[in-house]
Amino acid sequence: MSALFAFLHHLGAFAVVAALAVKFVLLRGELTLERARQLRVADAVYGVAAGFVVVVGLLRVFYFEKGAAYYFHSVPFIAKLSLIVAVGLLSIIPTLEFASWRKPLREGRAPAVSASRLRTLQRIVHWEAAGVVFILLAAALMARGVGYLG
C-alpha cells in the first residue's frame, strides 16, 4: 500500500508541475479567447492536482509511512508544509483572475486584461514555480533524513 501511495503522490506532483508549466507558457504572448480558456483549464488541473498531492501526502504521513511523529520532527518537512501553504495562498490570485473571465468567455470574447495585470500574473506563476522547486528540494532532504530532530 505504501508503494501505491508513493506512486500516487509522485504522479500528482508531476501533474502539478505540468499544469504550472502550461500556465507559464500560456501567459506569454497575446491573451486570446482560446488561450484564456486554456488557462482556466490548466488552472483547474493545477488546483485539483495540488489538492490531490496534499491529500495523498497527508495520508502517507499519517497512515502509510513513518508516522506523523517522525515527520513533525523533520525541519525539511515543516519547511515543505510551509511552502505548500505559501504557494497555495499565492495561487489564489491567478485563480480568482481566471474565474473573473467566465462571463466574457461564455460570451465568446477574450477577457480585457491590462498588460500590467498579465505581467503580475506571470510573476506570480514564476513565484509558484520557484516555490515548487523548493518544495521538491525539501522533499529530497526529508527523504534522506536531513534535519530530523527526533
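Modeller: Before we start, a definition: a residue counts as buried when its relative accessible area is under 20%, and as exposed when it is over 50%, with partly exposed in between. Keep in mind, too, that the model above is predicted.

Biologist: Thanks, that helps. Is Phe-5 buried or exposed?

Modeller: Phe-5 has a relative accessible area of 12%, so Phe-5 is buried. Phe-64, with a relative accessible area of 24%, is partly exposed.

Biologist: And how do I read a pair of aromatic rings?

Modeller: Two values describe such a pair: the distance of the centres and the angle of the planes. Here the structure holds seven aromatic pairs. One of them joins Phe-5 and Phe-64, with 4.1 Å centre to centre and 15° between the planes, and this pair is stacked. Phe-5 sits in helix α1 (residues 2-26) and Phe-64 in helix α2, 59 residues apart, and the pair thus links distant parts of the chain.

Biologist: What are the distance and the angle for the rings of Tyr-71 and Phe-77?

Modeller: Their centres are 5.4 Å apart and their planes lie at 45°, so this pair is tilted. Tyr-71 has 9% relative accessibility and counts as buried; Phe-77, at 5%, counts as buried as well.

Biologist: Which residues form the aromatic cluster?

Modeller: Phe-62, Tyr-70, Tyr-71, Phe-72, Phe-77 and Tyr-148 form one aromatic cluster.

Biologist: Let's turn to helix packing. How do α1 and α2 cross?

Modeller: For two helices, look at how close the axes come and at what angle they cross. The axes of α1 and α2 come within 8 Å and cross at roughly 155°. An angle over 145 degrees counts as roughly antiparallel, and α1 and α2 are therefore roughly antiparallel to each other. The crossing of α1 with α2 is left-handed. In their contact, 22 residues are nonpolar, six are polar and four are charged.

Biologist: Where do the axes of α2 and α4 come, and at what angle do they cross?

Modeller: Helix α2 (residues 33-64) and helix α4 (residues 75-99) have axes that come within 11 Å and cross at roughly 155°. That makes α2 roughly antiparallel to α4. Their crossing is left-handed.

Biologist: Which residues of α2 and α4 meet?

Modeller: From α2 come Leu-39, Arg-40, Asp-43, Tyr-46, Val-54 and Val-61; they meet Phe-77, Ile-84, Val-87, Ser-91, Thr-95, Phe-98 and Ala-99 in α4. The residues of this contact divide into nine nonpolar, two polar and two charged.

Methods
Residues numbered from 1 in each chain as written. Predicted model: local features only at pLDDT ≥ 70, side-chain atom pairs only at ≥ 80, totals over all residues. Heavy atoms only, no water. Axes fitted to C-alpha atoms, helices over the stretch in contact; angles between N-to-C directions. Helix = DSSP H or I, 4+ residues; strand = E, 2+ residues; numbered from the N terminus. Parallel < 35°, antiparallel > 145°, perpendicular 65-115°, else oblique. Left-handed = near helix turned anticlockwise from the far one by under 90°. Contact = heavy atoms within 4.5 Å. Nonpolar A, V, L, I, M, F, W, Y, C, P; charged D, E, K, R; others polar. Phe/Tyr/Trp six-rings, centres within 6.5 Å; stacked < 30°, edge-to-face > 60°. Buried < 20%, exposed > 50% of the residue type's maximum accessible area, 1.4 Å probe, protein only.
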